[in-house]
Structures are given as structure tokens and as C-alpha cells.
Amino acid sequence: MSGDIISLYRARLAKEKGFVKKDWGGRLSVALAYPNYYRLGMSNLGFQIVYHLLNQRSDVVAERVFLPEGQEMSLHLGAGKPLLSLESQASLQRFDIVAFSLSFENDYPNILKILELAKIPLLSEQRSAPCPFVMAGGVTTFLNPEPLARFLDFFLLGEAEANINEFVDAFLEFAALRDDKKEFIKNLAGNVPGLYVPSLYRPEYHQDGTLKSFFPKDDQVPEKIKPACSTDEFIDGNTPLSTITTPDTEFGDKVLVELGRGCGRSCRFCAAGYVYRPPRMHRESDIIASIDSALERCDQVGLLAASVSDIPGIENITSLIVKRGHSFSVSSLRADSITQGLLDHMKQAGQRTLTIAPEAGSERLRRLTNKHLTRDRITETVTLISETSDFSIKLYFLIGLPTETKNDVAEIVDLVKVIRHNMVKASAARGRIGQIRLSVNCFIPKPFTPFQWFPLEQLSSLKEKQKWLKKSLVKEGGIKVNTDLPKWAYVQALLSMGDRRVGAILLSAHESGGDWTKALRFSKINPDFFVYRPKGLNEVLPWDFIDHGITKKHLINEYKLALKAKESDVCHVGECYRCGVCSETAES
Ligand code: SF4
């Protein structure tokens with residue numbers, strides 16, 4: 001039976017271009033695990049970047065691992081053998097390190113599934129040599145790694161370009177100490193920027209369950225962990241792109257190219273806009289060089305940025321792609337920076353759907369979120385889009401935003417109707433008209449944002465709002481409404497805002513075969529404490545030991561402005577020192 005899995009993995013590799021297969025002899029072996037299915041992991045540029053960075057080194061062999069899906073899972077379970085890597089079909093137990101790349105909190109249960117399938121003990125304290133070290137990196141780890149504290153031996157916080165080489169160097173330097181796990185990881189923690197070892201820190205709690213303090217147990221490790229930031233690598237002209245292509249991904253056989261990292265718009269709900277500060281854009285010439293090399297390998301590129309239309313020189317870039325007879329897709333656009341030129345190029349590239357994110361229906365809530373987007377601007381842009389072509393428009397909205405009322409939700413319906421009306425009017429001469437697809441998601445408060453102190457809205461209220469929205473729009477032609485499941489919003493909020501005690505709930509959900517209802521109901525600690533409780537501004541938060549350079553004072557100012565529905569300025573890198581990231585001396 002295990003032969004069948006091997007055939008399946010070999011067939012998968014045969015469809016790929018760009019994977020790396022190395023001889024293991026004398027090299028540090030890393031199983032780079034994506035805690036979800038292959039098609040999702042291979043669509044994740046961050047995962048591909050880490051694979052490339054590791055395999056660029058002659059002293060490392062990195063192979064990929066994914067959560068098996070469908071037939072693959074049946075084959076795996078039928079074989080009863082430990083989970084295998086893709087490239088050489090080696091058992092995960094044979095690797096020096098199993099490294100998880102994490103982008104979404106709701107993937108955390110899959111970490112435990114992968115460890116179990118690999119027959120690796122789930123808890124860090126249960127693992128010792130010759131068991132591989134189990135580590136994690138990725139954006140959710142530098143928001144709040146604490147719910148995973150019991151399972152991972154250590155975390156590498158920050159952007160991999162800026163600390164992965166130092167990590168590998170230190171791992172190899174201290175290799176002689178490996179059998180003494182505690183001593184070994186303590187040396188890593190003292191020498192690698194952004195390396196966080198949960199077992200070396202002690203949390204203490206107040207009677208009411210809030211965090212009292214969080215300190216290192218050992219003076220060799222830092223009190224605050226500073227995630228690595230790759231500012232220098234950006235200046236060096238390095239524009240990351242995916243190195244492996246395969247038709248079996250969400251994006252198809254495309255090379256993904258990063259145009260920028262972070263976003264200077266300062267939306268108050270957006271964690272990426274805060275923890276990837278300062279916002280950085282790649283130089284036009286560097287992007288073009290990366291696209292040139294991508295188009296030697298494929299016909300299409302996927303352009304990735306928080307907002308592609310904000311990238312300086314974007315029209316030149318997209319014009320170049322279409323003039324050469326190739327096509328592109330874009331991740332998302334800002335309604336106030338879309339231009340006629342960009343729309344023309346998207347039409348020529350055959351893009352059928354454009355995504356814009358008003359986030360809220362009312363002007364008040366858009367000001368509260370610091371969206372800097374008016375209703376007039378949104379409708380003008382929709383008119384421009386529909387005059388250009390019969391693009392479908394995907395609209396992102398959040399419900400459950402702080403202070404949201406029924407009227408604010410009703411304004412989503414009004415805005416969508418106005419957008420539809422403008423689309424119909426602008427398309428009248430052409431006769432063909434695109435659809436509107438609404439994606440309505442529950443607002444989940446995230447660490448390091450000005451909204452980190454707010455709770456999740458009660459599920460009953462979120463469900464009622466979803467139902468009402470669907471009912472109000474169902475009779476409108478050309479509009480489809482998709483909503484997320486509030487139950488998973490609750491789990492995501494728990495895993496985003498919980499401390500290390502939440503690990504017990506995660507373990508219990510895993511042990512009960514993914515039955516979260518049971519795990520939440522029988523938990524010793526009340527999960528609502530993390531999800532529904534508004535936090536005090538002076539409270540010690542589980543993620544306060546991470547230092548992104550953003551002052552708490554700045555976040556509190558933004559929180560207070562939000563409550564007054566007042567906007568604040570966007571980033572002006574080089575001229576602004578408000579939040580503390582761009583200067584050692586933040587504005588007081
Ligand atoms: S200091 Fe100003 S420009 Fe720099 S990241 Fe903060 S808000 Fe943006």
C-alpha cells in the first residue's frame with residue numbers, strides 16, 4: 001500500500017517544474033510542512049520562499065510535506081506507515097527538523113494531525129533525540145504563537161529572508177549539543193534573532209485569569225523577542241517569486257511574484273498592515289526583472305501585494321506583460337487607486353473578476369476602520385470598471401465590526417444596490433454585465449492592531465446579521481452572497497487571542513477527532529474569556545513579549561480615534577515617525 005503513496009507522490013512531482021531534489025549526505029535535513037492540502041500550500045508564496053531559501057544553501061536539504069487529502073489520506077492510513085515527504089518520500093522522523101509554515105490560525109489543528117500521521121509525539125516535552133525538532137514560522141507565529149506553545153520546540157519569528165540563514169548557521173554550530181535538547185535550544189534562543197522558545201518563559205496569572213507577568217526563566221534569553229524584518233533584502237533588489245509551478249494549485253500553472261510587502265494604508269483591523277511595517281514596495285525595475293525570469297518558465301504571472309493598484313509603476317508592469325502576449329492576475333485592488341490603464345490591461349489579460357474591499361457599508365464604519373474610502377469613490381470606480389468591460393466584481397465586507405449597529409449592516413445592502421445600479425447603467429450600451437459576488441466575513445480582532453482590545457461579536461448576533469443580509473439581497477439579480485461560518489470565526493478568534501492555556505482546548509479538539517463543540521464545552525478554562533471579553537488597555541496581553549517596534553501608545557491612540565470614528569493618516573515612510581517602527585524615538 002505504501003508503494004501506492006510513493007507512486008502518487010512521484011506522479012505529483014512529474015507534473016511540477018522547479019522542485020529541488022538533493023542527496024541527503026551530510027546536509028541538515030528540513031521537512032518543510034504546510035498544515036493544509038498540497039493545492040493550498042503550493043499557492044502560498046511565503047511557503048515557496050522558505051523552500052527556496054533553505055535549498056539555496058548547499059548544506060541544507062529541504063523537502064515538502066502536506067496534509068494528505070482524499071485518496072492520498074486513504075492510501076496513507078491504509079499503509080499504516082509514518083507520513084512521507086514529497087521529494088524523496090522519506091519518513092518525517094528521519095529529518096533533523098520539521099518546520100511548519102503558518103499563515104492561518106484555523107490551520108493549527110492540522111499541525112497536530114500531521115505530527116500524529118508522522119508518528120511524532122505531539123507535545124514538545126514528550127520529544128527527545130533522535131526525534132526531529134519541531135518548529136514554526138509564518139505570520140500567525142509573530143502575531144501570537146502562545147496557543148501553540150506546548151506543541152512546538154521553538155518558533156522563528158519574522159521574515160525568513162532576514163533570519164533563516166542565521167538560524168541554520170547556529171543550528172549547525174551548536175549541533176554537538178543536540179542530544180541535550182534543553183541546552184541546545186537555549187543556545188539557539190540566545191544567538192538567533194527572532195527565535196522564541198516557549199518553555200524558557202514563565203507566565204503568571206491574576207486571580208481573574210488575566211496575565212500578570214511573562215518573563216524568561218533564564219537570563220541567557222531576551223525578555224522581548226524582536227521578529228526579523230527584511231528591510232535590507234528589499235533594498236538589495238530581491239523580488240521573491242515562486243520557484244515551483246504545477247497545474248494542481250489554486251492559481252493554476254502560474255508564477256507568483258511579490259510586488260510589495262506590508263501596506264501603508266493603516267486599516268485598523270488588518271494585522272498584516274501592522275506587523276509588516278514599514279510597508280515596502282519592490283522597485284519597478286526589480287519587479288520587471290523577476291517577471292522576465294518568470295515568463296521564461298510560464299505564460300502567466302500572479303501579481304501579489306496587499307493592494308496591487310498601489311504599487312508605483314504598476315501600469316508599466318502590466319502593460320509590458322500584455323504587450324509580450326502573456327497574461328496576469330492580481331490579488332486585490334484598492335478602489336481609489338484603480339486606473340483606466342490598469343483596467344485595460346486586465347481586460348487584455350483575460351481577467352474576469354476584480355476584487356475590491358469596501359469592508360463596511362456606512363461612512364462611519366469605514367472611518368472607524370481607517371479605510372479612507374468614501375461611498376462616492378467606490379461607486380465612481382465601479383462605473384469605471386463596468387465601462388471598461390463586463391468584469392464581475394467581488395466585494396469584501398466585514399460584519400461584527402466594533403460598535404456596528406443594524407443600520408450599519410443595512411448600509412451594506414444599500415451600497416451593494418447602488419453598486420449594482422451603477423454596473424447596469426455603465427454596461428447598458430454593451431448589453432453584457434458582470435456579477436457581484438459578496439464575501440461577508442466576521443470581524444476577528446487580531447494582535448498588534450488597534451482593535452486587539454475588542455471582543456468577537458456574539459455568534460447569535462453574527463448569524464442573525466448574515467441571515468438578514470442574505471434575505472435582503474436574495475431577490476436582487478446578479479448578486480451572490482457568501483458568508484463564512486461564525487463557528488470557525490469563534491475558533492479563529494480563540495486561536496488568535498488566546499494564551500498558552502488554549503493549547504489544552506486545541507489538544508482536546510484533536511483528541512476528539514475535530515469535535516470543537518465538545519472540546520469547547522468541556523474545557524477547564526472558559527474559551528469565552530479569550531473570545532468575548534473586552535480587554536483592558538492596561539492589561540498584559542499574551543503577545544506583549546513580541547516587539548514589532550510599534551508602541552502601545554500609538555495603538556491606544558488609534559483605538560480611541562476609532563471609537564470617535566475619526567481617521568488618522570496613512571504611512572509616509574521617511575517623513576513619519578508616529579508608530580515607532582521607522583524610528584527608535586517614537587512620537588510621544
Ligand atoms: S512610523 Fe509612520 S511611516 Fe513608519 S510604519 Fe509607522 S506609521 Fe508607517
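Student: What does the domain assignment of the chain give?
Tutor: The assignment gives domain 1, residues 2–219, and domain 2, residues 232–563. As this is a predicted model, the values discussed here are computed from its atoms.

Student: How many Å separate the centres of the two domains?
Tutor: Taken over C-alpha atoms, the centres of domain 1 and domain 2 are 27 Å apart. The contact takes 52 residues from domain 1 and 53 residues from domain 2.

Student: Which residues touch the most other members in the largest nonpolar core?
Tutor: They are Phe100, Phe167, Leu188 and Leu303, in a core of 191 residues. Both domain 1 and domain 2 give residues to this core, so it lies between them.

Student: What is leucine 188 in contact with, leaving aside its neighbours within four places in sequence?
Tutor: Leucine 188 contacts Phe154, Phe167, Ala170, Phe171, Phe174 and Leu195.

Student: Several phenylalanines there. Which residues do ring pairs link into a cluster?
Tutor: The cluster consists of Phe133, Phe154, Phe167, Phe171 and Phe184. Among its members, Phe154, Phe167 and Phe171 are also contacts of leucine 188. The structure as a whole holds 23 aromatic pairs.

Student: Where does the charged end of arginine 12 sit?
Tutor: It sits over the ring of tyrosine 38, at 4.2 Å from the ring centre. Arginine 64 has its charged end over the ring of tyrosine 51, 5.1 Å from the centre.

Student: Changing topic: how many disulfides does the count come to?
Tutor: The count comes to 0 disulfides.

Student: Is cysteine 267 buried or exposed?
Tutor: Cysteine 267 is buried, at a relative accessible area of 10%. Cysteine 298 also counts as buried, with 9% relative accessibility.

Student: On to helix α11. Which of its residues are buried?
Tutor: Helix α11 spans residues 314–323, and its buried residues are Ile314, Ile317, Thr318, Ser319, Ile321 and Val322.

Student: Which residue other than glycine has a positive phi near 60°?
Tutor: Lysine 119 has that value. Its place is in the loop between α5 and β4, and it is partly exposed, with a relative accessible area of 48%. For context, most residues other than glycine have a negative phi.

Student: What about phenylalanine 448?
Tutor: Phenylalanine 448 is not a glycine either, and its phi is positive at about 65°. It belongs to the loop between β16 (436–442) and α16 (459–473). With 6% relative accessibility, phenylalanine 448 counts as buried.

Student: Which residues does the cis bond with omega near 10° join?
Tutor: That cis peptide bond runs from alanine 129 to proline 130. Proline 130 is placed in the loop between α5 (108–117) and β4 (133–137). Another cis peptide bond joins arginine 277 and proline 278, with omega about -5°. Proline 278 lies in the loop between α9 (271–275) and β11 (280–281).

Student: Where is aspartate 218?
Tutor: Aspartate 218 is in the loop between β8 (211–216) and α8 (231–235). It is buried, with a relative accessible area of 18%. Not counting residues up to four places away in sequence, aspartate 218 touches Lys186 and Leu200.

Student: How far apart in space are aspartate 218 and alanine 504?
Tutor: They are 25 Å apart, C-alpha to C-alpha, and 286 residues apart in sequence.

Student: Last one: which helix holds serine 508?
Tutor: Serine 508 lies in helix α18, residues 503–511, and counts as partly exposed at 27% relative accessibility. Serine 508 and serine 58 are 450 residues apart in sequence, with 41 Å between their C-alpha atoms.

Methods. Residues are numbered from 1 along each chain as its sequence is written. This is a predicted model: local features need pLDDT of at least 70, side-chain atom pairs count only at pLDDT 80 or more; totals for chains, interfaces and linings use all residues. Side-chain values use heavy atoms; hydrogens and water are left out. A nonpolar core is a set of buried Ala, Val, Leu, Ile, Met, Phe, Trp, Tyr and Cys residues joined through side-chain atoms within 4.5 Å. Buried means under 20% relative accessible area, exposed over 50%, partly exposed in between (1.4 Å probe, protein chains only). Domain bounds come from an automatic or database domain assignment. Contact means heavy atoms within 4.5 Å. A disulfide is a pair of cysteine sulfur atoms within 2.5 Å. Rings of Phe, Tyr and Trp (its six-membered ring) pair if their centres lie within 6.5 Å; planes under 30 degrees apart count as stacked, over 60 as edge-to-face and the rest as tilted. A charge sits over a ring if NZ of Lys or CZ of Arg is within 6 Å of the ring centre and within 35 degrees of the ring normal. Helices (H or I, at least four residues) and strands (E, at least two) are DSSP runs, numbered from the N terminus.
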